[in-house]
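Biologist: I would like a close look at one part of this model. Please keep it plain and go step by step.
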Amino acid sequence: MSSMSENPPRNSFHLSQLIYDTRYRSMTIQVVTLGLVCVGIWWLVDNLLANLTDLGIEPSFSFLSSRAGYDIGMTLIPYSSASSHLDAAYVGILNTLLVAALGIVLATVLGVIAGVLRLSKNWLVSRLMAVYVEAFRNVPLLLWIVLIYAVMSESTPQPRDFREGGGASMIWDAIAITNRGVYVPGPVWGANSGILVAIFAASLVGAFVYRRWAKKLLFDTGRLLPLVWPAILIAIVPSILFYFILGRPVTLDYPALGGFNFSGGLQISTPLVALWLALALYTGAFITEIVRAGILAVSKGQSEASEALGMRANRTMSLVILPQAMRVIIPPLTSQYLNLTKNSSLAIAVGYPDVRATLGGITLNQTGRALECMLLLGLFYLALSLIISFVMNIINNSMKLEER
Amino acid sequence: MSDTDAHVTNAYFRETMIAQQPPPATETGAIKWLRENLFPTWLNAIGTVVSLYVIYFILSHVAPWFLNGIWNASSLSECREIRDATLGPDASAACFAVISDRWQQLLFGFYPSEAYWRPVVALVILLAGLAPVLFGSIPRRFMAFSLASPFIIFFLLWGGSIWLPIMAAVGFVIGFYVARALASVNQIVAVLGAIIVPILYWFVVMMPLVNILQGILPIGIMAIESKQFGGFMLSIVIGVAAIVLSLPLGIILALGRASDLFIVNKLSVGFIEVIRGVPLIVWLFTASLLLNYFLPPGTTFDLTLRVIIMVTLFSAAYIAEVVRGGLAAVPKGQYEGADSLGLDYWQSMRLIVLPQALKISIPGIVNTFIGLFKDTTLVVFIGLLDPLGLTNSIRASTDWNGIYWELYVFIGLLFFVACYAMGRYSMYLERKLQRENR
């Protein structure tokens with residue numbers, strides 16, 4: 001009796017409580033884990049430093065500012081062999097971003113079209129799409145890249161075949177597909193072209209604002225204004241008007257055969273085309289399945305209810321099915337975009353100068369700074385992945401069902 | 001009034017049944033099918049025509065090439081001679097002779113030809129070992145064989161002394177008994193003991209023990225270095241080893257990510273996101289260029305092993321995400337039920353949650369394996385001879401210089417068959433799980 005009524009001793013903490021008392025045990029486990037991880041990292045870093053002293057290398061990033069001394073086949077910013085390794089890395093980064101962005105756009109277009117066609121009632125069309133999906137999903141991307149590259153470089157005509165009687169001809173006199181790359185008309189920016197671009201950008205914003213306003217009007221008052229045609233008109237008409245008012249500031253430069261090769265226009269190199277097509281077709285196959293699953297995930301009652309309310313097929317699709325399907329589609333779509341971006345590092349197979357080829361390839365081999373180069377390369381890809389995830393999360397949140 | 005019925009013999013009524021009419025021609029058989037499936041609307045009809053053209057376009061290019069394929073020749077130039085002699089110089093004909101000449105190399109790389117039986121037997125053992133895991137109807141006692149199969153497969157593929165895999169397996173047995181003995185003392189101590197004691201055994205005791213046993217009783221088969229591995233065998237070895245080895249790590253990472261413990265959670269999330277945020281090819285270059293920097297000075301081990309380690313870490317992050325999905329799919333009542341039975345964390349995970357979560361995760365794990373199996377082709381860039389790497393070395397010989405399509409088609413078909421079959425299996429599994437959960 002006496003022992004029960006006594007206050008517990010003030011200093012009642014025992015060491016064993018760290019293991020047996022659930023209040024403290026989680027702390028113990030975390031501290032032990034952190035300790036083990038720290039020991040592991042310390043061991044790795046210790047080994048690293050010992051190895052580096054053995055080799056006589058001091059980790060430093062100063063090589064980035066020294067002269068690169070190599071040429072890059074495709075540069076979006078001014079670059080020469082006299083530029084620094086950092087510039088070479090920028091060139092590579094831009095090339096990676098270019099092929100990733102092109103790939104994402106084309107893969108999405110392909111995937112959405114194929115995904116809808118896959119659900120077509122037309123037996124032949126849906127089977128054809130199934131064959132496309134299975135063929136691309138079940139064969140390694142690398143094989144597709146080298147295969148498409150081989151098609152592009154072996155089966156396309158040489159530039160000299162485009163001469164009189166050479167057997168090859170340009171498409172619409174504007175596009176030439178050769179084994180040295182695809183030549184397309186390129187824009188030439190004239191005197192007032194800046195104004196034109198600004199007007200175009202402003203009218204795009206205008207079209208967006210119109211859509212916003214029309215939607216608000218619809219939800220507030222129930223008045224339905226046409227959404228598509230006015231927006232397209234707002235986006236295009238001012239630009240066309242000003243194009244002529246300003247005296248055609250932007251012209252197209254057509255590629256022309258001169259000597260042994262094409263000159264003028266825009267040259268899209270074979271590696272870029274092959275990589276772009278392969279990435280887009282491969283990822284497009286995955287997106288096809290995602291789109292299909294997304295549309296199938298919307299229960300049939302939704303479309304039936306919409307029909308019962310008297311909505312037409314296209315409005316059922318755009319107002320009822322797609323908004324719900326998008327919620328299912330976007331999360332896996334994000335991971336496909338991430339995959340495509342990471343897979344763009346397979347540029348190595350076709351010699352496209354992406355960031356892995358410049359920073360993680362030639363720069364690394366020339367300077368021998370494997371540790372620093374791989375670290376920067378890893379950080380770049382990590383940052384890119386996080387940015388894409390972030391953007392897609394914003395889109396996903398804007399699509400999310402707003403529950404009360 | 002009822003008798004009027006009997007006298008209905010007037011002209012308005014027909015007294016005999018009309019013979020059954022055949023349905024309209026457009027509503028039966030092939031025509032109906034065509035109308036419904038290929039030409040229901042104008043838009044669909046256009047789609048059908050376009051599809052037919054696409055199919056014709058592809059077939060008209062590929063079919064002659066494929067059907068004219070030449071299977072018997074010893075070099076590309078001989079292939080061309082045969083083609084010129086039989087079909088004319090302009091005909092398109094595949095030279096599949098390269099495959100009948102080099103198929104063994106594409107499958108096994110530079111593995112010694114007298115030992116080809118070893119990878120084949122290993123594959124059979126692998127499939128047999130997987131069967132109890134993948135198909136629930138096989139008795140549980142075969143699981144023992146599944147547990148032993150990695151060691152048998154290692155012995156078959158790399159050869160050497162039989163004592164090495166046996167003694168390595170003994171380490172796991174030691175760990176198991178240490179955990180059992182210490183379990184009565186404390187769970188955390190048991191877990192730590194089960195990790196530390198076997199590691200000490202493997203690093204300190206095992207190699208001398210193997211040498212002694214090998215001295216006493218020398219049993220073994222020809223040792224084969226891993227740089228002789230190649231072709232599909234290499235792809236399968238890297239893929240399977242990485243998936244199997246990454247399972248424990250992936251499960252631990254998934255548990256860490258689902259854990260309430262702040263530090264454990266953040267460490268797991270960090271590891272998973274870093275690994276997943278960077279392309280495999282960068283990790284492979286890390287393995288080939290940098291991994292030696294992070295090991296004690298003087299340590300060298302072969303590239304294949306380094307690649308397996310790196311791919312294991314890589315796939316662990318992906319497996320962790322799959323298992324996390326499985327953990328999330330286990331109903332909350334199961335966790336609470338385990339708690340209310342008084343089970344501690346590891347017991348509830350081991351006995352209640354993980355068996356359910358892993359079962360749900362198997363389709364995802366199979367899909368991860370398909371992705372990883374396809375990605376093993378990337379090892380060509382760090383100098384390993386996967387099937388694509390072998391195409392380069394086949395082209396390097398004067399006989400087959402300049403041959404592309406036939407090799408790519410062959411490799412593509414093999415990958416397609418393997419991945420398609422696994423994909424179908426995982427879909428079957430998903431459907432089965434859905435049925436069982438309903």
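Where the two chains meet, how many residues of chain A are in contact with chain B, and how many of chain B with chain A?

Modeller: This is a predicted model, in which local features need pLDDT of at least 70, side-chain atom pairs count only at pLDDT 80 or more, and totals for chains, interfaces and linings use all residues. Residues are numbered from 1 along each chain as its sequence is written, while chains are lettered from A and ligands numbered from 1 in the order in which they are written.

Now the contact. On chain A, 46 residues touch 44 residues of chain B. Contact means that the C-beta atoms of two residues, placed from the backbone, lie within 7 Å.

Next, the elements involved. Six helices of chain A each give two or more residues to this side: helix 3 (22–55), helix 5 (123–137), helix 6 (141–154), helix 11 (313–343), helix 12 (355–367) and helix 13 (370–399). Helices here are DSSP runs (H or I, at least four residues), and strands are too (E, at least two), numbered from the N terminus. Helix 3 of chain A gives the most, with twelve residues.

What kinds of residue are these? On the side of chain A that touches chain B, 28 are nonpolar, 13 polar and five charged. Nonpolar covers Ala, Val, Leu, Ile, Met, Phe, Trp, Tyr, Cys and Pro; charged covers Asp, Glu, Lys and Arg; the others, Gly among them, are polar.

Chain A also has strands. Strand 1 (residues 176–178) and strand 2 (residues 181–184) of chain A pair antiparallel over three bridges. Pairing takes at least two DSSP bridges. Two residues lie between these strands of chain A, in a hairpin.
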